[in-house]
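Welcome! Have a look at the structure first, then read on.

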Amino acid sequence: MGIEVNENKIIFKRDFEATAEQIFQAYTERALFEQWFHPQNATTEVFEFNIKKGGQAFFAIYTNQGASYTLTKYNEVKEPNLIDYYDYFADKEGHIDKNMAGMHNIIQIEQKDDTITRIISTAELPHPKSARQLLDMGVEDGMNSTFDNLESLLKNM
């Protein structure tokens, strides 16, 4: 996977042996999302999952270190190529953590050929310091591990 840092943006790129439709489905179907959207040796529990313009999702990721909660608000969803949303750290009731910067995420799903599809995941933070904080927290390793889970799921679809 390639990672690029551009000021306040962290951009991940990875190619998958799958169709754009399969990847979009993995992002937007609750049962599939719970199977892969977490680092390895972790689990995801979804409490709310309304993936459409104006919709939101609320979920927990459980690791050996504890639970983290995320509230996601969707700006635009265009099957099978675009998911645009804001992501916020939250407490277990779903209230946004004001001490952590939220981020604007754009997931672009590009069909390269009959068998290869690229995900370009751009996380835009309020300022470069926030991007650095996320990198220092291990976001690159977490994304690699999460995309490894996605790759395994796609092989079984």
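## Spaces and packing inside the model

The largest pocket holds about 910 Å³ of space. Keep in mind as you explore that this is a predicted model. Rolling a probe the size of a water molecule over the atoms shows where empty space is left.

**The largest pocket**

- The lining of the largest pocket is made up of 35 residues, and those nearest its centre are Pro39, Ile61, Phe89, Val139 and Gly142.
- Helix 4 provides the largest share of the pocket lining, with 5 residues.
- Sorted by class, the pocket lining has 19 nonpolar, 14 polar and 2 charged residues.

- The model has 3 cavities of 30 Å³ or more.
- In the largest cavity there is about 90 Å³ of space.
- Its lining consists of Tyr27, Phe33, Phe37, Ile51, Phe59, Thr72, Tyr74, Ile83, Tyr85 and Asp87.
- Strand 5 and strand 6 each contribute at least two residues to the lining of the largest cavity, and strand 6 gives the most, with 3 residues.
- The lining of the largest cavity includes 8 nonpolar residues, along with 1 polar and 1 charged.
- The second largest cavity has a volume of about 40 Å³.
- Around the second largest cavity you will find Phe89, Met100, Ala101, Met103, Leu125, Ser130, Gln133 and Leu134.
- Helix 3 supplies 3 residues, the largest share of the lining of the second largest cavity.
- That lining has 6 nonpolar and 2 polar residues, with no charged ones.

**A closer look at Ser130**

- Ser130 sits in helix 3, which covers residues 128–136, and Ser130 is one of the residues lining the second largest cavity.
- Is Ser130 buried or exposed? Ser130 counts as buried because its relative accessibility is 6%, and buried means under 20%.

**The nonpolar cores**

- In soluble globular proteins, nonpolar side chains tend to be buried together.
- The largest nonpolar core here has 37 residues, and Ile23, Tyr27, Trp36, Ile119, Phe147 and Leu150 have the most contacts inside it.
- Apart from this core lies another one of 5 residues, including Phe58, Ala60, Leu71 and Ala90.
- Leu150 touches Phe16, Ala26, Trp36 and Ile119, when residues up to four places away in sequence are not counted.

**A closer look at Thr117**

- Thr117 belongs to strand 8, and Thr117 is buried, with a relative accessible area of 0%.
- Among the residues that Thr117 touches, not counting those up to four places away in sequence, are Arg14, Asp15, Phe16, Ile23, Ile109 and Glu110.

**The annotated domain**

- An unreviewed UniProt entry places the feature "domain: Activator of Hsp90 ATPase homologue 1/2-like C-terminal" at residues 18–155.
- The span of residues 18–155 is 30% helix and 40% strand, and its end C-alpha atoms lie 8 Å apart.

Note on methods
Residues numbered from 1 in each chain as written. Predicted model: local features only at pLDDT ≥ 70, side-chain atom pairs only at ≥ 80, totals over all residues. Heavy atoms only, no water. Helix = DSSP H or I, 4+ residues; strand = E, 2+ residues; numbered from the N terminus. Buried < 20%, exposed > 50% of the residue type's maximum accessible area, 1.4 Å probe, protein only. UniProt positions renumbered as here; feature names shortened; annotations may be inferred. 1 Å grid on protein atoms, 1.4 Å probe; cavity = no way out; pocket = protein on both sides within 12 Å on 5 of 7 lines; lining within 4 Å. Points joined across faces, edges and corners; volume = space filled by probe spheres on them. Nonpolar A, V, L, I, M, F, W, Y, C, P; charged D, E, K, R; others polar. Core = buried A, V, L, I, M, F, W, Y, C linked by side-chain atoms within 4.5 Å. Contact = heavy atoms within 4.5 Å.
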